[in-house]
Amino acid sequence: LNIEGAKNTAILTLGNTTAGSSWVVGDRVGGIDFYSGDGSGGGIGVKASISYENAAGSTGSSQAMVFRTGGNTSGTNNVERMRLQYNGNVGIGTDSPDTKLDIQSVANVDGLRVSGHATTNQSFGVRINAGTSSTDYAINIANQANSSLLRVRGDGNVGIGTTSPNAKLEVNGSLRAASVQLFSGGTQYLNVSSYSGDPWINTAV
């Protein structure tokens, strides 16, 4: 099968003529199904699909591009993995993404992993650019109850247990460390650590 066409024209159109308010969530505007007669894995049938379908309401005005694949166990054919919503939000593991990229993991599996390059001095992780004011934040780590655990603000202040840190590091709670060293102008003036199991404080460093 070879389909060709001129630029800026539809080479292949998939759709339907349904109009009015007869849509229900999951109705397909168009799609491509990938069928297999192999009974292994998820079994015989449509293993995967790409479809454009109604995501909300009955008028067909709120739609999404949905990607489904098959698993390797019985009954796992054509399971939704990712969708691009009508508002531009992308969901992986969720059919109702609330942000531009919404990832929901399963039990005992990392939701997101980023690995740097294997070459030494050329391996980088994640870069996040945020605003520069105290009301902006680059990182906000929260629990399932949406309570903030750690926040890195746009002004460089970091808060643990607080969302409004007034210093470069503010901890609302207990702090445990093997050693704490304080510097001023590049000169260390306090060292609190443990020596032979006993607390040790040196102010004349």
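Predicted model: local features only at pLDDT ≥ 70, side-chain atom pairs only at ≥ 80, totals over all residues.
Local features need pLDDT of at least 70, side-chain atom pairs count only at pLDDT 80 or more, and totals for chains, interfaces and linings use all residues. Residues are numbered from 1 along each chain as its sequence is written, and side-chain values use heavy atoms, with hydrogens and water left out.

Six strands form an open sheet in the order 1-2-3-4-5-6. Strands here are DSSP runs (E, at least two residues), numbered from the N terminus. Two strands pair if DSSP finds at least two bridges between them. The pairing in this sheet is mixed. Strand 1 (28–36) and strand 6 are the edge strands, and each pairs on one side only. From one strand to the next, the twist averages 20 degrees; axes are lines fitted to C-alpha atoms, and angles run from 0 to 180 degrees between N-to-C directions. Within the sheet, strand 3 (residues 62–69) and strand 4 (residues 79–84) run antiparallel and are joined by five bridges. Arg68 has Glu80 in strand 4 as its bridge partner.

Strand 7 (residues 137–142) and strand 8 (residues 148–153) also pair in the antiparallel sense, over five bridges. Tyr137 stands opposite Arg153 of strand 8. The two strands form a hairpin with five residues between them. In its turn, Asn146 has a positive phi of about 65 degrees. Strand 8 pairs in turn with strand 9 (residues 158–160), antiparallel and over three bridges. Here the bridge partner of Arg151 is Gly159. Four residues lie between the strands of this hairpin, where Gly156 takes a positive phi near 95 degrees.

Lining residues have an atom within 4 Å of a point. A volume is the space filled by probe spheres set on the points, which are joined across faces, edges and corners.

The largest pocket holds about 620 Å³ of space. Its lining includes Leu101, Ile103, Val126, Asn140 and Asn146. Strand 6 (101–103) and strand 7 are the elements that give two or more residues to this lining. Strand 7 gives the most, with three. By class, the lining has seven nonpolar, four polar and no charged residues. Ala, Val, Leu, Ile, Met, Phe, Trp, Tyr, Cys and Pro count as nonpolar, Asp, Glu, Lys and Arg as charged, and the others, Gly among them, as polar.

The second largest pocket holds about 180 Å³. Glu80, Arg81, Ile103 and Asp110 are among its lining residues. This lining divides into three nonpolar, four polar and three charged residues.

Key. 1 Å grid on protein atoms, 1.4 Å probe; cavity = no way out; pocket = protein on both sides within 12 Å on 5 of 7 lines; lining within 4 Å.
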